[in-house]
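Please examine the sequence and the model displayed below.

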Amino acid sequence: MDSARILDSCYLALPELGMLAAGCLFFLLGTMIENRRFWAVATVIVLGLALVFQIAEANDPETSGNWLLHGAATFFRFLGPVLGLIGTALLAPTGSGQARRGPEDFACLLVACAGVGLTGMAPDLVVLFLGLELVSIPVYLLLFLGKHDRQGQEAAIKYFLLSVLSSALFLFGASYVYGMTGSTRLEGLGGIHENLRWSETAPGEIPAARTLALLFLLAGVGFKITAAPFHFYAPDVYQGTSPAVAGLISTLPKAAGLAALLRLIGAGESALAPFGGVEWSLLWILAVATMTLGNLLALWQNNLHRLLAYSGIAQGGYMLAAVSTGGQAGIGAMAFYLAAYSLMTLGVFAVLAYLNDPDCPVKRVDDLAGLFRTRPIAALCLGVCFVGLIGLPLTSGFYGKLLILKTSIASSSSQGNSLFLVLAFFIVFNAAISAWYYLGVLTRVFLRLPLGPQAKPISPLPLCAAVACSIATLAGGIVPGLIEPYLRPVEKATAQSVAVDATVVVTANGFAGAIEQAPE
Amino acid sequence: MDWNLAFLPFIPALPFVAGLAALFTRNRSLASGVVLISTLLSVGLAIAVTMDRNRLVFDAELNGSALTAGQPHFEVGALFGGKISSVRLGVDGLNAGLVLLTGLVGALSVVASSGLKLDHANRYFGLLGILIGLTLLAFLAQDLLVFYVAFELTLIPLFLLVGSWGGPNRQAASLKMVIYTLAGGFLTLLGILAIVVQSNGGLDFGWESLARKAAVESTLVAPGRMAPGLIFLLVCAGFVVKIPLVPFHSWQPAAYAEAPTPVTAFLSAVLAKLGLYGILRVAFFLLPGEAATLGVTVLVPLAVLSILYGAFCAYGARDLKSLLAYGSISHLGVALLGLLSFNRVGVEGAMLHMLAHGVITAGMLFTAGMLFEREGTLQFSGLGGMAARHKLLSAFMVLFALASVGVPGLAQFGGEFLCLMGFLGSAEYGQGIAVAFGVLAGIFLGGWYTITMLQKVLFGPLKVHEENSARGLGVADWAILVPLGVLTIVLGLWPKPVLSASRVESGYLERQVQRTETSRLASR
Amino acid sequence: MIPPSDYPGLSQHLLVGAVLFCLGLVGFLARRNMILAFLNAELMVQGVALNFVAFSRYRGNLEGQSFVLFLLTVAACEAAIAMALILVLYKNRGTLDVSVWQELREDSLDAVEDTDPLPLPAAQAPMPPLPTAGLGPQQPEELSRV
């Protein structure tokens, strides 16, 4: 590879590299400049520049270079900085007790946003792994920086150890994928059948090693998405940390995990029968288990952070369901729902961050009682976001659920497989269950009287973020037509990348054939 | 497009926008005035559009009628970017009467609320205006997505109205109501999506085009497609909870008892009809084949059960509001039977019954509210001998009670009679006899508990001895009672306009059901 | 380039890699010492690295080996964070036992207690708190006498 191509690749990944570089710079210069407002503004500028670059470059999608710059990648590269901007508003205010001056948390935020983008555009297992780690490692630091008490430290070590375990699982799967395909390129994944010659399998049969590799990869990614058997750390971690950090953990790693999932199965799609492959049945089971378990366990929660953690688990189940339907429309629906979920959840956490006062903490659901009487704007934001999470009309949550349900019904009738109808039923029942605990919170916010002294917000910034999230939630529900065009490239381009993959598979076959004949 | 069709979107928009505006005023009388005037304006518009529709239908019938020939339409295509759904509104025989009823009862609820003691009254009236607007939108929608959106969104103002201004157990009651309705609503959404996706593959929610395809599509079965029977049950789930029918009713007595009386009146007179209307418009028109087979098998027992169970519970009720709540379950079961006959007599009768029940039950609840204002209780143990103290009010109460019993010449008689006649005309012999006995027992019990109620409340010894409570009817009270009383008598004596309004649609439904029946027989 | 079939040692290498991975997994789940738990996770990663190297030779390209380089770098990075984090936790509770960290759990669950608890070491004098950035730690001023 010559230097011109390397420069080209760097240019195409400029926003992510820029965010990474800025993050490193923040870490270095943080010791010299202690003005937190300065760093907050600098973060906003970096993220804004990244977004501007994306918008400028989005018009000519190139598949050249070392990146896979298709629509899904563009989506995740947008999502990262947008979530980062809201996250900056959540992180910016400092409590009176904790005198945080340095920019470390902003630096972590920048690196994590870059990680989401890199995961989404990864052409290679190495970049995919690095992208995921670039999301995980800053999150350990955020967890540690977010709260200095014992609970915060416990949350940090829990998340850290389990995250290391999950990357080990992911790597194990990745090593077998490499062994089977002979390449770490993701396009090669589709060729697993053809390239596999070191284990004796009849043609057309799915080799056990492939299933094993997929299981491990899914487990590794499942930790990030908080899918059902790998979800158990989430409530503890959310409970132990501040609302701002909990909001970021509920969105950034989930986005990165789903991006990785799309890269893994989206790239291999051409080689798989629609529901014949192991992936789809695995994803189906994962989706159903995740949403059901998350919603049922959320019913028993009193702690707001735990409740939101289980709610996040359940909502992740809906997204997995959308992916498991297997079509391009499903991926588009997932993308819409992911964006909607991220904004709604960040909106809720923004309100909690706004009310975060060490003197009268908002921890239990009852602490929100009578919020509408004391802080109507915060309460309205909370109302909009929760109504969206329930999936009532005129919110992006409703439209996202509509898309997911539509996709599952459509793929059921187009593939002749009623399992997707069962999936739709699970989604509907889960939506009904989730209404119970979401409405429980809303009842306290709007119908009860305040119980005790009310929190005194430190800074209006999180409230602004909450208002922005609520407006976005409403806009996504009232005029989804505005957002829909941007999902078209996600769907279409995945189809494109499938076409690209097919050609790669063909060349890989030719290559393998050449090797086969060579020794003789 | 006719000139006054441009007014169609204003019918729901006026109360909605007025309600939104009222949320931000500080002044109680300003808030209630704005909502009241806007609701009255939209009633006026609705009357104009309905008259116009009748003229168009008459013209269309001269040229040979189709399902929606001459149906006024108004389309706003841009709202959803033209991609998903355009907002299609229209008045046809199915919703004309109900739109007028909604406007009327909505306006009267606003008037009736003027006597209530309310905190943050501006918010109360604002939410009431929003509720009225959304209900009107649900009735006017000619598009399943808009219908569903409005249907679900009514829950938000209801949740806040019942939960903030209701009785002592208001929060639990309102939570229960919303969760029941929401759970059913999600199932309905799945059913609607299944209809839409399986019939056209995309997301075209237009009711008219779906209804035209219905007879062909509903019989199609293929692997991976949702069975039409299942779709029918899913669609009905949300509406059955909304009416409510008996096994799904347990939210209703608590909600009716806890809600402020004007809201209860709106709930019972209008929103319960939204459930029946949804069953008719979505389930019956879009799945006529399933409606005639599975619908009859499943819904008829539920309807009869509701009639009997509601009547028994009403007989055992200890206060006026829960008596009316259970009585409402019982009466709406009869209307559902009328719809299930799938012939013109039954369906037209059911439309009349719905309107009559709306007028009468609103009248009963408003008089109950006035009684509560004067005496401070609705428990039968605290009331008695009211006839002597509130003479005019008692007279109105007797009028509404007699109408709800089904005295000939008053509103409800014609509807009940036609519903039963229509159903017996279409049912098989054994089933018809069984159902007829059930319904007659229900009507008999209805007479019993209503007359007993009158006796407990109006006659007998006076239990309360405070003199200051005996005041006559005020202007607002007259404004509420006179229109409802007049309508009760007029609908009883001259039901023809209501019956003929839905002639085209009920005839179409009858033909569709017969067509699918014959095609099913032929395929065997 | 070595053709794939000419590398008979592959399965043995994979076996060792898998054994390392499993040993690490068991150790990770069974160990209560935080440092050892983390080292076991590292052991899992080393098993994976062995897999990569073996496959790299089997496939006759260098992609697997380059992956291992990245992998080791990331592992080193995580080790640095781990040590810092564990040090802070140790300073707080005076032990490396993970079972003292049970504050975060479901409301309905009780903390898991040992039937035969280990003796806790004697409390040490608190070390000066490190600020997150910027200012140097404030040490008690040392009085020197000549």
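A residue is called buried if 20 or more other C-beta atoms lie within 10 Å of its own, exposed if 12 or fewer do, and partly exposed in between, the C-beta atoms being placed from the backbone. By that criterion, 27% of the 146 residues of chain C count as buried, while for the 524 residues of chain B the share is 60%. This is a predicted model, in which local features need pLDDT of at least 70 and side-chain atom pairs count only at pLDDT 80 or more, whereas totals for chains, interfaces and linings use all residues. Residues are numbered from 1 along each chain as its sequence is written, and chains are lettered from A and ligands numbered from 1 in the order in which they are written.

The secondary structure is given as DSSP runs numbered from the N terminus, with helices (H or I) of at least four residues and strands (E) of at least two. Chain C has three helices and zero strands, and its pattern along the sequence reads α-α-α. Chain B comprises 21 helices and two strands. Contacts provide a further description of each chain; two residues are in contact if their C-beta atoms, placed from the backbone, lie within 7 Å. In chain B, 81% of the contacts with a separation of 6 or more are between residues 24 or more positions apart. In chain C, among contacts between residues at least 6 apart in sequence, 53% join residues at least 24 apart.

Towards chain C, 43 residues of chain A are in contact with 40 residues of chain C. On this side of chain A, helix H6 (125-146), helix H7 (150-181) and helix H10 (233-240) each supply at least two residues, and H7(A) gives the most, with 17 residues. Residues are classed as nonpolar (Ala, Val, Leu, Ile, Met, Phe, Trp, Tyr, Cys and Pro), charged (Asp, Glu, Lys and Arg) or polar (the others, Gly among them). The side of chain A that touches chain C has 21 nonpolar, 13 polar and nine charged residues.

Towards chain B, 29 residues of chain A are in contact with 29 residues of chain B. Here the elements of chain A that give two or more residues are helix H17 (396-415), helix H18 (419-447) and helix H20 (480-517). H18(A) provides the largest share of this side, 11 residues. By class, the side of chain A that touches chain B divides into 19 nonpolar, eight polar and two charged residues.

Helix packing within the chains can be described by axes, which are lines fitted to C-alpha atoms, for helices over the stretch in contact, with angles running from 0 to 180 degrees between N-to-C directions. In chain A, helix H14 (residues 328-354) and helix H16 (residues 376-390) pack at an angle of about 150°, with their axes 9 Å apart. These two helices, H14(A) and H16(A), are therefore roughly antiparallel to each other, a term used for angles over 145 degrees, with under 35 counting as roughly parallel, 65 to 115 as roughly perpendicular and the rest as oblique. The residues of the contact between H14(A) and H16(A) comprise 11 nonpolar, two polar and no charged.

The axes of helix H4 (residues 121-140) and helix H5 (residues 144-153) of chain B come within 8 Å and cross at roughly 150°. H4(B) and H5(B) are therefore roughly antiparallel to each other. Their contact is made by B:Leu134, B:Leu137 and B:Ala138 of H4(B) and by B:Val146, B:Phe147, B:Ala150, B:Phe151 and B:Leu153 of H5(B). The residues of this contact are eight nonpolar, no polar and no charged.

A nonpolar core is a set of buried Ala, Val, Leu, Ile, Met, Phe, Trp, Tyr and Cys residues joined through C-beta atoms within 7 Å. Of the 416 residues in the largest such core, A:Leu110, A:Tyr337, A:Ile427 and B:Leu161 touch the most other members. H14(A) contributes the largest share of this core, 20 residues. Leaving aside neighbours within four places in sequence, A:Tyr337 is in contact with A:Tyr318, A:Met319, A:Ala322, A:Gly400 and A:Ile404.

Finally, B:Leu499 lies in helix H20 (residues 496-501) of chain B. Is B:Leu499 buried or partly exposed? With 19 C-beta neighbours inside 10 Å, B:Leu499 counts as partly exposed. Not counting residues up to four places away in sequence, B:Leu499 touches B:Glu348 and B:Leu352.
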